[in-house]
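User: I would like to go through this model by question and answer. Please begin with the surface and then move to the fold and single residues.

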Amino acid sequence: MSYTLRELQLCELEVLKSIKSICDKHQIRYYLSSGTLLGAVRHQGFIPWDDDIDVEMPYPDYLRFLEVAQAELGEDFFLQNYDTDPYYYFAYSRVRKNGTTMMREWEKDIPSHYGVWVDIFPMAYVGGTLDYRFKRLLLSCRTFLRMHEDLFSLSQEWLVSQSSAFMVMLVKLARLLPESVRYKICKAIEKFIFRRREKAYLSNVWVNITRRIPKESFEPATELLFEGERFSAPKDYDTYLRIAYGDYMTPPPEGKRGGGHGDLHVDLHHLWKPGEELPEVLQTDTV
């Protein structure tokens, strides 16, 4: 059975509403982020060709979310991070919907959770260019150290594109250390990256540290309409979006529109398991 991009978006929206409910209940700050924020401003919902949802949280709120989320989410969802899924290596988390599938083809070789997801990015305080670049370098190192050996072997070319061949070589040497030592190194890196020193900017944390947004752009938060419901967003979303996308109200040419994850295998009624036939690729030409 094939699914359209719109059907996937509505499934992701269900996950987002659950996240919002938890944040509202526990007074956890969160903001629509990246393309999801752009969609709220320009389309009052999804960018028509976008294939995922992004949310970001100040780091103390992110930690609070991790404390309460799984119990609040119940059996319908799975809170995924490197403490709940040994094959997950990012420094951010995902909330995935159980009983569904959203995966790239190469992921079939990684025995992880494949459910439809919403990304939740913690936000780090960063300062000038030197501080920013140093933390990016540290985070890349931490990400590669956390990768399971199978995934690290599959991802050499991608890893080089995210940092450099020299960095990947150094990480290869560091990966010879015992797992318990590597885990402690990664925790120390995170502690340094997320320590609050009243820097001038906030950045969300992905494989590395992304765009720097002036910290005063976020508080007090505003609300924006997204698919018929109001969600929290940075108060100065115009500055955020101009830094991220430039002339953000002008859509890209048709030939450059598309989701950021390439071809996705999607099943909204079944969680794929290794050994099964892969679900059909998401249909995007009907949007």
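**Surface, fold and selected residues**

Analyst: This is a predicted model. The accessible surface of the chain is about 13500 Å², and carbon and sulfur atoms account for 53% of it.

User: What percentage of the 287 residues of the chain count as buried?

Analyst: A residue counts as buried when its relative accessible area is under 20%. Applied to the 287 residues of the chain, that cut-off gives a buried share of 51%.

User: How many helices and strands does the chain have, and what is its radius of gyration?

Analyst: The chain has nine helices and 11 strands. For 287 residues the globule rule gives 19 Å, and the chain comes close to that, so it is as compact as a globular protein of that length. Its C-alpha atoms fill a box of roughly 50 × 50 × 40 Å along the principal axes. The radius of gyration of the chain is 19 Å.

User: Among contacts between residues at least 6 apart in sequence, what percentage join residues at least 24 apart?

Analyst: A contact requires heavy atoms within 4.5 Å. Among such contacts in the chain between residues at least 6 apart in sequence, the share joining residues at least 24 apart is 67%.

User: How far apart do the centres of the positive and negative side chains lie?

Analyst: The chain carries 36 positive and 42 negative side chains. The distance between the centres of the two sets is 9 Å.

User: How many disulfides does the count come to?

Analyst: A disulfide needs two cysteine sulfur atoms within 2.5 Å. By this rule the count is zero. For Cys23, which is in no disulfide, the nearest cysteine sulfur is that of Cys11, 19 Å away. Cys186 is in no disulfide either, and its nearest cysteine sulfur, that of Cys141, is at 7.3 Å, so the total stays at zero disulfides.

User: Are Cys23 and Cys186 buried or exposed?

Analyst: The relative accessible area is 1% for Cys23 and 2% for Cys186. Because the cut-off for burial is under 20%, Cys23 is buried, and Cys186 is also buried.

User: Which strand holds Phe231, and what is the C-alpha distance from Phe231 to Tyr30?

Analyst: Phe231 lies in strand E10, residues 229-233, and is buried with a relative accessible area of 0%. Beyond its neighbours within four places in sequence, Phe231 is in contact with residues including Leu13, Leu16, Tyr30, Leu32, Leu224 and Phe226. Phe231 and Tyr30 are 201 residues apart in sequence, while their C-alpha distance is 8.9 Å.

Methods:
Residues numbered from 1 in each chain as written. Predicted model: local features only at pLDDT ≥ 70, side-chain atom pairs only at ≥ 80, totals over all residues. Heavy atoms only, no water. Buried < 20%, exposed > 50% of the residue type's maximum accessible area, 1.4 Å probe, protein only. Helix = DSSP H or I, 4+ residues; strand = E, 2+ residues; numbered from the N terminus. Rg over C-alpha atoms; globule rule 2.2 N^0.38 Å. Areas by Shrake-Rupley, 256 points an atom, 1.4 Å probe, with all protein chains shown as cover. Lys, Arg positive; Asp, Glu negative; His and termini not counted. Charge placed at Lys NZ, Arg CZ, Asp CG, Glu CD.
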